[in-house]
Amino acid sequence: MHRAVGSDDGTGVVTAPAKPVIEIEKLNLVFQTPDAPVHALSDVDLTVNAGDFVSFIGPSGCGKTTLMRVIADLETPTGGHISVNGMTPREAREQRAYGYVFQAPALYPWRTVRKNVMLPLEIMGLDKAEQERRARDNLALVNLEGFEKKFPWQLSGGMQQRVSIARALSVEPDLLLMDEPFGALDEITRDHLNEQLLRLWDQTGKTVIFVTHSIPESVFLSSKIVVMSPRPGKIMDVIDCDLPRDRKLDIRETPEFLAIAHRVREGLRAGHSYDD
Ligand SMILES: Nc1ncnc2c1ncn2[C@@H]1O[C@H](COP(=O)(O)OP(=O)(O)OP(=O)(O)O)[C@@H](O)[C@H]1O
Ligand SMILES: [Mg+2]
């Protein structure tokens, strides 16, 4: 069970204080474009604690990818404050504090599947045997055994996306940023990877930030759900998802699950304008 900060939670169990990994205050990002400025993020406040699984959900264009890119130092905010592991995003990037699964797989076409997964490990200077072990284990985790010697263009879109997930996991980061990693997958594969990811999170205590368009996926995976709305991109609701950490897929039919899903849907509706 995920618990909030504090010493005694009322059950007599003393829990460790929550350690913030990401702290965001009054964050703003305005893109200057030839037509008009785009206010992609407006006064975003958010704290992500160590061991949280936080999902961002919201309609297309509400700033989910932009927020992830700010955390990863791939975009610079125009106002406000953000820290990652107590550092600036730039320092965190230089220390390889996170793994990033992009919305598109971003694989190198001239490298085999195995060599794509090994690339960041080569850059980190790991020895060859360790690189090979991690590539093998993580490709097995995403059900890609036997495809190691193929090139990305010989795989389907969903398989390419699984290679990029294996690549991010193989870095073994404490913080994992995943931008719609399962969007292109069929439902059975997606269910399987949801379970795998949940197990990985539960067993390793990693902090995960995850973008999705799927309400059931967000409730199934998360300890905290951030509902966003567009124009300007802002946070509508932050929902604690207090389901047991070792949840199974059939939890999706329980009243507790459906109640949280309902609240997410309400938040999405409140932020959605049908006028434009
Ligand atoms: N480099 C850029 N230059 C100008 N505008 C941008 C840029 N990147 C994003 N935007 C705009 O910022 C807004 C937020 O975009 P973002 O990609 O963060 O949305 P998203 O929530 O990830 O959407 P989706 O669900 O479609 O991936 C959009 O209006 C988009 O057009
Ligand atoms: Mg996006």
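Predicted model: local features only at pLDDT ≥ 70, side-chain atom pairs only at ≥ 80, totals over all residues.

Modeller: Of the contacts in the protein between residues at least 6 apart in sequence, 68% join residues at least 24 apart.

Biologist: What makes two residues count as a contact here?

Modeller: Their C-beta atoms, placed from the backbone, lie within 7 Å.

Biologist: What share of the residues is buried, and what makes a residue buried?

Modeller: Buried residues are 39% of the 276. Each of them has 20 or more other C-beta atoms within 10 Å of its own.

Biologist: Which strands are called edge strands, and why?

Modeller: An open sheet is formed by 6 strands in the order 5-6-7-3-8-9, with mixed pairing. Strand 5 (98-101) and strand 9 (234-240) each pair on one side only, and these are the edge strands. From one strand to the next, the twist averages 15°.

Biologist: How do you know that strand 3 and strand 7 pair?

Modeller: Pairing needs at least two bridges. Strand 3 (residues 53-57) and strand 7 (residues 207-212) have 5 bridges, in the parallel sense, so they count as paired. In strand 7, Phe-210 is the bridge partner of Ser-55.

Biologist: Which strands does helix 8 touch?

Modeller: Helix 8 (residues 255-271) packs on the sheet against strand 3, strand 8 (224-229) and strand 9, and its direction makes about 170° with that of strand 9.

Notes
Residues numbered from 1 in each chain as written. Chains lettered and ligands numbered in written order. Helix = DSSP H or I, 4+ residues; strand = E, 2+ residues; numbered from the N terminus. Axes fitted to C-alpha atoms, helices over the stretch in contact; angles between N-to-C directions. Buried ≥ 20, exposed ≤ 12 C-beta atoms within 10 Å, placed from the backbone.
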